[in-house]
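Have a look at the structure first, then read on.

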Amino acid sequence: MKSTRIVLASRPIGMPEQENFRTETVELELPPGSALLQTLYLSLDPYMRGRMSDLPSYAPPVEVGGVMCGGTVSRVLESTDPALQPGDIVLGYGGWQTHSVEPVASLRKLDPAAAPLTTALGVLGMPGLTAYTGLLTIGQPKPGETVVVAAATGPVGATVGQIAKIKGARAVGIAGGPEKVALLRDRFGFDAAVDHRAPDFAEQLAAATPDGIDVYFENVGGPVFDAVLGRLNQFARIPVCGLIANYNATELPPGPDRVPLLMSNILRKSLTVRGYIMTEFLDQAGAFYAEAGPWIAEGKLAYLEDIVDGLENAVEAFQGLLTGKNLGKLVIKVSD
């Protein structure tokens with residue numbers, strides 16, 4: 001079996017460009033204990049920008065010449081382990097390629113009748129678990145508190161806001177542009193939504209948080225955090241999930257040193273600021289699946305997917321992800 005794949009040709013400086021990637025075809029071998037898979041759907045996520053860099057991080061980078069990483073939903077074509085049979089659908093980590101070979105022990109079998117397959121890459125997958133664990137373990141929202149979420153129409157942010165409401169908190173979403181702001185109110189049921197691209201963003205945020213902010217779920221950083229900082233209440237909690245505003249930065253931002261201001265707020269307000277990676281909380285996966293499935297069935301947890309057809313469009317779609325062009329969870333449909 002041959003696989004068409006997209007590999008990292010060079011490490012990007014700033015925004016990843018087409019020339020940083022290369023498409024090639026390779027032959028696959030099937031060792032014992034593994035399965036040959038046909039990729040159906042590929043997840044595109046902001047963390048992939050970090051994997052393109054060789055700077056120190058929580059996970060090793062993709063090697064130059066290596067296939068780009070990514071979660072995948074795939075069909076089993078052949079298996080050397082009786083635990084999987086041809087035709088089974090599995091969740092794996094096949095990356096940016098049409099076919100892959102993965103250890104059977106690393107795959108999770110999916111039930112196509114239980115939920116749309118793409119949800120295993122979004123609301124019922126890594127983004128959903130990221131939202132659930134970060135909000136409830138670090139944010140710990142209490143009934144009546146105000147939870148503010150950055151990048152709130154994304155798969156993590158939208159899930160955070162809705163879980164906050166399920167737990168009795170007030171959800172305020174931050175997004176870019178009128179279309180996304182409307183989605184927060186009309187589709188995801190946020191109590192308030194503000195546009196970080198608006199010239200009066202700070203004023204909008206203040207009006208939407210008259211009692212201050214008790215939990216700020218950070219996905220963005222940059223000027224959005226600058227506006228949030230002054231609204232934080234005593235003992236506010238800040239789960240730091242992502243900093244997408246800085247992912248393509250090649251140098252420190254200009255302007256005054258804001259570290260003293262940040263540290264002063266942490267001290268004076270007794271803030272809790274905790275970065276995390278979802279894999280730290282894998283022991284909560286069972287609880288997440290047990291709660292999230294019924295929430296979706298009952299209409300309490302909505303989701304939105306942005307599905308792009310064709311692996312050849314992955315690079316352009318990923319560029320759009322880094323600039324906020326997607327609406328909802330970004331997924332590449334690789335094959336039928």
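Predicted model: local features only at pLDDT ≥ 70, side-chain atom pairs only at ≥ 80, totals over all residues.

**Aromatic pairs**
- The count of aromatic pairs here comes to eight.
- One of them joins Tyr132 and Trp295: the ring centres sit 6.4 Å apart and the planes meet at 45 degrees, so this pair is tilted.
- Tyr132 belongs to helix 2 (residues 126–139) and Trp295 to helix 8 (residues 285–297), so their pairing ties together parts that lie 163 residues apart in sequence.
- Tyr216 and Phe225 make up another tilted aromatic pair, at 6.2 Å from centre to centre with 35 degrees between the planes.

**The ring cluster**
- Tyr132 and Trp295 also belong to a cluster linked by ring pairs, along with Phe288 and Tyr289.

- You'll find Thr159 in helix 3, which covers residues 155–166.
- Why does Thr159 count as buried? Its relative accessibility is 2%, and buried means under 20%, so Thr159 falls in that class.
- Leaving out residues up to four places away in sequence, Thr159 touches Val123, Gly128, Ala131 and Leu301.

Note on methods. Residues numbered from 1 in each chain as written. Heavy atoms only, no water. Helix = DSSP H or I, 4+ residues; strand = E, 2+ residues; numbered from the N terminus. Buried < 20%, exposed > 50% of the residue type's maximum accessible area, 1.4 Å probe, protein only. Contact = heavy atoms within 4.5 Å. Phe/Tyr/Trp six-rings, centres within 6.5 Å; stacked < 30°, edge-to-face > 60°.
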